[in-house]
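Below are notes for a colleague who has not looked at this model before.

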Amino acid sequence: MNAAFSCAANTCIKARNSTFLSKKKQRRTSPRAEVTVAITNKTKESSSPTQLSLHGISCTDLFVHEIVQRQQSQKIGSSDFDIRTTRPNFHPMFLDEAYERCRDICAEYAKTFYLGTLLMTEERQKAIWAIYVWCRRTDELVDGPNAAHHSSSVLERWDERLDDIFNGRPYDMLDAALTDTVHNFPLDIKPFKDMIEGMRMDTRKNRYANFEELYLYCYYVAGTVGLMSVPVMGIAPESSVSAQTIYDSALYLGIGNQLTNILRDVGEDASRGRVYLPQDELTKFGLCDKDVFSRKVSNDWREFMKEQIRRARFYFDLAEQGATQLHKASRWPVWSSLMLYRMILDSIESNDYDNLTKRAYVGRTKKLMALPVAYTRSLSNPTVVFP
Ligand SMILES: CC(C)=CCC/C(C)=C/CC/C(C)=C/CC/C(C)=C/[C@@H]1[C@@H](COP(=O)(O)OP(=O)(O)O)[C@]1(C)CC/C=C(\C)CC/C=C(\C)CCC=C(C)C
Ligand SMILES: [Mn+2]
């Protein structure tokens, strides 16, 4: 595969496409922008600032520390970089088209992320698009309309394909974009593996006993995105904060986003028999699954939601500290995504905590107004701490 990944081979990869899209996505997707997955079944309690536990599992428990060390030691320019054996020699036109497809998908599915990437350097934006597409396809395996037909062997096969991506043997064109990306940036395979693990967890589990369990799920499906993004976005050369601290913030942004996503989608998830809320905390507020399924917004529910929202905001606040430490060209997309996702929480409040029959959303005007604010925040440079 490494010696001249020829046009013929590229065409062969291109041909391997089957499509599945969720209804929501089918409606808004142009024919070009397809998330295609070709699968062959070859085979601690805290009392402050909230009364609920905020942070049950430390990053080290999840081997995040090791991921950070590996990614940092492979930084571009360091002697350890490009220890991967085979760097595939793709035809430039093939790669251009692969990234072009990733760009279309990102632009179609995630308009805000996409807009934010436009200020990044070309190499970085292409990498984020490739990562986005891989994450989106992974999510589609369990969230798309065909998800019910997918057995665990589908995730096994996806896992094998991930190994192939990192070993320079992509299965299809979109995988090839990620293969190129993981050779351009010091990306460790573990966060990608962990995301697949999160999808496995989602297929096996539909209740979370406590926040520790929920945190683990959020780490797998969203905290991992933060860990994948930092090596691409880059840390500001003038930052004097440790890489570990910045990675922690990135992870917390994923946690905040996922908690918000869960709070927004309580009603929708309930209709699929899923409750991504800590059971012990529901009990603490005199609630249970029945209250979720009955969709009645009671005062107990409002009080419970206030605490859940407060916790999500806590993670966004932690994330802010790292956002300022990123390379200046990468800060705007991060601030935009942070602010826009956090606004969903405000919208749940405006709906008087009715996330059982309503889906909170942020209107176009509010979104547009947030973008320049995010831009202004992205201009503030990391403070240099003198010894
Ligand atoms: C510019 C930017 C913010 C880049 C990240 C782009 C990227 C690679 C996104 C991947 C998102 C994705 C498809 C993840 C798969 C699992 C999943 C769906 C998670 C949920 C995302 C929101 O998607 P959506 O609202 O469409 O959900 P539905 O499936 O439709 O329900 C998540 C809520 C997770 C998103 C998590 C992040 C974007 C992590 C962000 C963290 C960083 C970019 C690190 C920033 C660094 C510092 C230091 C703060
Ligand atoms: Mn999803």
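1. Helix 3 (residues 64-73) and helix 11 pack with their axes 10 Å apart, at an angle of about 120°. Helix 3 and helix 11 are therefore oblique to each other. The crossing in which helix 3 passes helix 11 is right-handed. On the helix 3 side the contact is made by V64, H65, V68 and Q72, and on the helix 11 side by A243, Q244, Y247 and L251. Sorted by class, this contact of helix 3 with helix 11 has five nonpolar residues, three polar and no charged.

2. The model is a predicted one, and this should be kept in mind for every point here. The protein has 17 helices and two strands. Of its 387 residues, 42% count as buried.

3. Helix 11 (residues 243-264) also packs against helix 15 (residues 299-323): their axes come within 7 Å and cross at roughly 150°. An angle over 145 degrees counts as roughly antiparallel, and helix 11 and helix 15 are therefore roughly antiparallel to each other. Their crossing is left-handed. Helix 11 brings T245, I246, S249, A250, Y252, L253, I255, G256, L259, T260 and L263 to the contact, and helix 15 brings Q308, I309, R311, A312, Y315, F316, L318, A319, Q321, G322 and A323. By class, the contact of helix 11 with helix 15 has 14 nonpolar residues, seven polar and one charged.

4. What is the place of L259? L259 is in helix 11. With 26 C-beta neighbours inside 10 Å, L259 counts as buried, because 20 or more are needed for that. Apart from neighbours within four places in sequence, L259 is in contact with C218, R311, A312 and Y315. L259 and D354 are 95 residues apart in sequence, and their C-alpha atoms are 16 Å apart in space.

5. Helix 15 has a further partner in helix 16 (residues 328-350): the two axes come within 11 Å and cross at roughly 165°. Helix 15 and helix 16 are therefore roughly antiparallel to each other. Helix 15 passes helix 16 in a crossing that is left-handed. From helix 15, the residues M305, I309, A312, R313, F316, A319, E320 and A323 meet R331, V334, W335, L338, R342, L345, I348 and E349 of helix 16. The classes in the contact of helix 15 with helix 16 are 11 nonpolar, no polar and five charged residues. An α-helix has 3.6 residues a turn, so residues three or four places apart point the same way.

6. Which residues of helix 8 are buried? They are M173, L174, D175, A176, A177, L178, T179, D180, T181 and V182. Helix 8 is thus mostly covered, with 10 of its 12 residues buried. As to length, the 12 residues of helix 8 (residues 173-184) should span 16 Å at 1.5 Å a residue, and the end C-alpha atoms are 17 Å apart, which agrees.

7. Helix 4 (residues 92-109) has 18 residues and reaches 26 Å from its first C-alpha to its last, close to the 26 Å expected at 1.5 Å a residue. The buried residues of helix 4 are F94, A98, Y99, R101, C102, R103, I105 and C106.

8. Most residues other than glycine have a negative phi. D352 is not a glycine, yet its phi is positive, about 55°. D352 is found in the loop between helix 16 and helix 17 (364-378). Is D352 buried or exposed? D352 is exposed, because it has 11 other C-beta atoms within 10 Å, and 12 or fewer count as exposed.

9. Y353 is found in the loop between helix 16 and helix 17. Y353 is also a residue other than glycine with a positive phi, near 65°. Y353 counts as buried, because it has 22 C-beta neighbours inside 10 Å.

Methods
Residues are numbered from 1 along each chain as its sequence is written. Chains are lettered from A and ligands numbered from 1 in the order in which they are written. This is a predicted model: local features need pLDDT of at least 70, side-chain atom pairs count only at pLDDT 80 or more; totals for chains, interfaces and linings use all residues. Axes are lines fitted to C-alpha atoms, for helices over the stretch in contact, and angles run from 0 to 180 degrees between N-to-C directions. Helices (H or I, at least four residues) and strands (E, at least two) are DSSP runs, numbered from the N terminus. Angles under 35 degrees count as roughly parallel, over 145 as roughly antiparallel, 65 to 115 as roughly perpendicular and the rest as oblique. A crossing is left-handed if the near helix is turned anticlockwise from the far one by less than a right angle, and right-handed if clockwise. Two residues are in contact if their C-beta atoms, placed from the backbone, lie within 7 Å. Ala, Val, Leu, Ile, Met, Phe, Trp, Tyr, Cys and Pro count as nonpolar, Asp, Glu, Lys and Arg as charged, and the others, Gly among them, as polar. The expected span of a helix is 1.5 Å times one less than its number of residues.
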